[in-house]
Amino acid sequence: IERSHCHSPTNSILPPNSCAVCGKQEGAATQLSRCSRCKSTWYCSTICQQENWKKHLLGCRPYGELSELRLSMTDPRYNKKNKKNNK
């Protein structure tokens, strides 16, 4: 697949709101789109999204599930609330 519209990322850690495949950042000439399922991965084009799909699918979860997971990992109060509700 030719990606003349993209540039290769300079490192493996991409800045927020940049294409997950090529690292292109949103600006006047580029509008990024998010994965409609998890809403956490950004793409500059359909080509980049299709190129990354098989890899992305392995970790892609619906947005609600991801929000709950993030809360459970970062907010100790969240885990206490869930333990009380599950009894």
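In this tour, helices (H or I, at least four residues) and strands (E, at least two) are DSSP runs, numbered from the N terminus. The model is predicted, so local features need pLDDT of at least 70 and side-chain atom pairs count only at pLDDT 80 or more, while totals for chains, interfaces and linings use all residues. Residues are numbered from 1 along each chain as its sequence is written, and side-chain values use heavy atoms, with hydrogens and water left out.

**The whole chain**

Begin with the protein chain displayed as a cartoon. Three helices and two strands are present, and their order along the sequence is β-β-α-α-α. Next, display the surface. The protein chain exposes about 6800 Å², of which carbon and sulfur atoms supply 51%; these accessible areas come from the Shrake-Rupley method with a 1.4 Å probe, and for residues only the protein chains shown count as cover. Of the 87 residues, 26% count as buried. Buried means under 20% relative accessible area, exposed over 50%, and partly exposed in between (1.4 Å probe, protein chains only). Among contacts (heavy atoms within 4.5 Å) with a separation of 6 or more, 33% are between residues 24 or more positions apart.

**Before the first strand**

Select Gly-23, which lies in the segment before E1. Gly-23 counts as buried, at 10% relative accessibility.

**The loop between E1 and E2**

Move to the loop that joins strand E1 (33-34) to strand E2 (42-43), and select Lys-39 within that loop. Phi of Lys-39 is near 60°, a positive value in a residue other than glycine. For context, most residues other than glycine have a negative phi. Lys-39 is partly exposed, with 35% relative accessibility.

Cys-38 is in this loop as well. Is Cys-38 buried or exposed? At 2% relative accessibility, Cys-38 counts as buried. Display the cysteine sulfur atoms next. A disulfide here is a pair of cysteine sulfur atoms within 2.5 Å, and the structure holds zero disulfides. Cys-38 is accordingly in no disulfide, and the nearest cysteine sulfur, that of Cys-35, is 3.8 Å away.

Select Ser-45, in the loop between E2 and H1. Ser-45 is buried, with a relative accessible area of 18%. What does the side chain of Ser-45 reach? The side chain reaches the backbone nitrogen of Cys-48, at 3.1 Å. This is a polar contact, meaning a pair of N or O atoms within 3.5 Å; within protein, one must be able to donate a hydrogen and the other to accept it, and residues adjacent in sequence count only if both atoms are side-chain atoms.

**Helix H1**

Select residues 46-57, the twelve residues of H1. From the first C-alpha to the last, H1 reaches 15 Å, close to the 16 Å expected at 1.5 Å a residue; the expected span is 1.5 Å times one less than the number of residues. Color Cys-48, Asn-52 and His-56, which are buried. Seen down the axis of H1, the buried residues fall within an arc of 55°, so they line one face of the helix; the arc is that of the directions from the helix axis to the C-beta atoms. Cys-48 has a relative accessible area of 0%. What covers the buried residues of H1 includes E2.

Turn the view to the other side of H1, where Thr-46, Gln-50 and Lys-54 are exposed.

The last stop is Trp-53, also in helix H1. Trp-53 counts as partly exposed, at 36% relative accessibility. Trp-53 and Cys-35 are 18 residues apart in sequence, and their C-alpha atoms are 9.8 Å apart in space.
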